[in-house]
Amino acid sequence: QVQLVESGGGSVQAGGSLRLSCIASGPWEYTHAIRYMAWFRQAPGGQREGVATTYTRGTNTYYTDSVRGRFTVSHDSATNTLYLQMNSLKPADTAMYYCAARTTAGTWNGPLDPTTTFVYWGQGTQVTVSS
């Protein structure tokens with residue numbers, strides 16, 4: 001199986017930046033099966049929301065409207081690491097951020113849809129933006 005470990009969260013003031021990282025580790029046959037990696041977030045009392053997704057075998061990236069132009073998702077295939085560069089942060093970005101990975105199996109309702117099957121999940125890293 002694959003383990004996902006996030007890091008990089010923290011507390012910043014509005015307008016600041018943070019960079020999240022997520023390292024995927026495990027047997028080669030499992031990490032090699034990953035096709036998409038994504039960042040989701042969930043604020044207290046809110047629903048899980050897809051933030052950004054990247055296709056790990058190409059260059060396709062997807063963003064939710066509220067972060068497009070401010071966040072950049074990237075993937076380093078050599079190290080199996082997913083990044084999320086977050087600039088111009090707003091208080092509305094405050095949430096627990098989760099890294100997720102998908103193979104070709106399971107339900108597909110789009111790259112940012114929370115009902116799409118992402119098999120592997122990290123434990124999350126907290127991002128807090130103060131005004």
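## Ground rules

Contact here means heavy atoms within 4.5 Å. This is a predicted model, in which local features need pLDDT of at least 70 and side-chain atom pairs count only at pLDDT 80 or more, while totals for chains, interfaces and linings use all residues. Residues are numbered from 1 along each chain as its sequence is written, and side-chain values use heavy atoms, leaving out hydrogens and water.

Arg 41 sits in strand β4 (strands are DSSP runs of E, at least two residues, numbered from the N terminus). Arg 41 counts as buried because its relative accessibility is 6%; the cut-off for buried is under 20% relative accessible area, with exposed over 50% and partly exposed in between (1.4 Å probe, protein chains only).

Beyond neighbours within four places in sequence, Arg 41 is in contact with residues including Gln 47, Glu 49, Ser 66 and Asp 93. Its side chain makes polar contacts with those of Asp 93, at 3.0 Å, and Tyr 97, at 2.9 Å. A polar contact is a pair of N or O atoms within 3.5 Å; within protein, one must be able to donate a hydrogen and the other to accept it, and residues adjacent in sequence count only if both atoms are side-chain atoms.

## Gly 9

Over at Gly 9, we're in the loop between β1 (3–7) and β2 (10–13). Gly 9 counts as partly exposed because its relative accessibility is 32%. Leaving aside neighbours within four places in sequence, its contacts include Leu 18 and Val 127.

Conventions
Helix = DSSP H or I, 4+ residues; strand = E, 2+ residues; numbered from the N terminus.
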